[in-house]
Amino acid sequence: MMTPDQKLKIEETIVDYLRTVVDPEIAIDIYSLGLVYKIDLGDEGDLTIDMTLTAPNCPMADFIVEDVQQKMSSIPGVRSVTVNIVFEPEWTRDMMSEEAKLELGML
């Protein structure tokens, strides 16, 4: 069982690592794109991530999910990783961070 402080540190690391997972088609990380809907870290270190893709038929889906699983598994304190691809709510450009919009020239 982890303390609240330990859990917070691990959750911060999870976000840092998610920022290193890049959608190869757009060259922006999945966290800034707003593709990560939920991060749920259990007290025993079981991590569940709900995320979506920019398009349901994204050709890079397997690559992105594998990258997320590998990076999350390497975080000390994370015992298991489950990545769920969900399409509700549907992703829109409004979910992107200001930085991502700026990078894509949308502002």
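Guide: Ala 27 sits in the loop between β1 (22-23) and β2 (28-29). Its phi is near 65°, a positive value in a residue other than glycine. The names of helices and strands used here are DSSP runs, numbered from the N terminus: a helix is a run of H or I of at least four residues, and a strand is a run of E of at least two. The model is predicted, with local features requiring pLDDT of at least 70 and side-chain atom pairs pLDDT 80 or more, while totals for chains, interfaces and linings use all residues. Residues are numbered from 1 along each chain as its sequence is written, and side-chain values use heavy atoms, with hydrogens and water left out.

The part to look at closely is β4 and what surrounds this strand. β4 and β5 pair in the parallel sense over six bridges; two strands count as paired if DSSP finds at least two bridges between them. Within this pairing, Thr 48 stands opposite Thr 82 in β5. Between the two strands the chain passes through α2, and this β-α-β crossover is right-handed, which means that, with the strands pointing away from the viewer, the path from the first strand over the helix to the second runs clockwise.

Next come the charged side chains. Side chains of opposite charge can pair when their charged atoms come close. A salt bridge here is a side-chain nitrogen of Lys or Arg within 4 Å of a carboxyl oxygen of Asp or Glu, and by this rule the count comes to four. One of them joins Asp 43 and Lys 7, with the closest N and O atoms 3.4 Å apart. Because Asp 43 lies in the loop between β3 (36-41) and β4 (46-51) and Lys 7 in helix α1 (residues 4-18), this pair ties together parts that are 36 residues apart in sequence. For accessibility, buried means under 20% relative accessible area, exposed over 50%, and partly exposed in between (1.4 Å probe, protein chains only). Asp 43, at 34%, is partly exposed, and Lys 7, at 22%, is partly exposed as well.

Another salt bridge is between Asp 46 and Arg 79, at 2.6 Å between the closest N and O atoms. Asp 46 belongs to strand β4, and Arg 79 to the loop between α2 (61-73) and β5 (80-85), so the pair links distant parts of the chain, 33 residues apart. Asp 46 is partly exposed at 28%, whereas Arg 79 is exposed at 58%.

Lys 38 and Asp 50 also form a salt bridge, 3.7 Å from N to O. Here strand β3 supplies Lys 38 and strand β4 supplies Asp 50, 12 residues apart. Lys 38 is partly exposed at 40%, but Asp 50 is buried at 16%.

Thr 52 lies in the loop between β4 and α2. With a relative accessible area of 1%, Thr 52 is buried. Leaving aside residues up to four places away in sequence, Thr 52 touches Leu 35, Tyr 37, Val 86, Phe 87 and Trp 91, where contact means heavy atoms within 4.5 Å. A polar atom of the Thr 52 side chain lies 2.7 Å from the backbone oxygen of Val 86. A polar contact is a pair of N or O atoms within 3.5 Å; within protein, one must be able to donate a hydrogen and the other to accept it, and residues adjacent in sequence count only if both atoms are side-chain atoms.

The peptide bond from Glu 88 to Pro 89 is cis, with omega near -5°.
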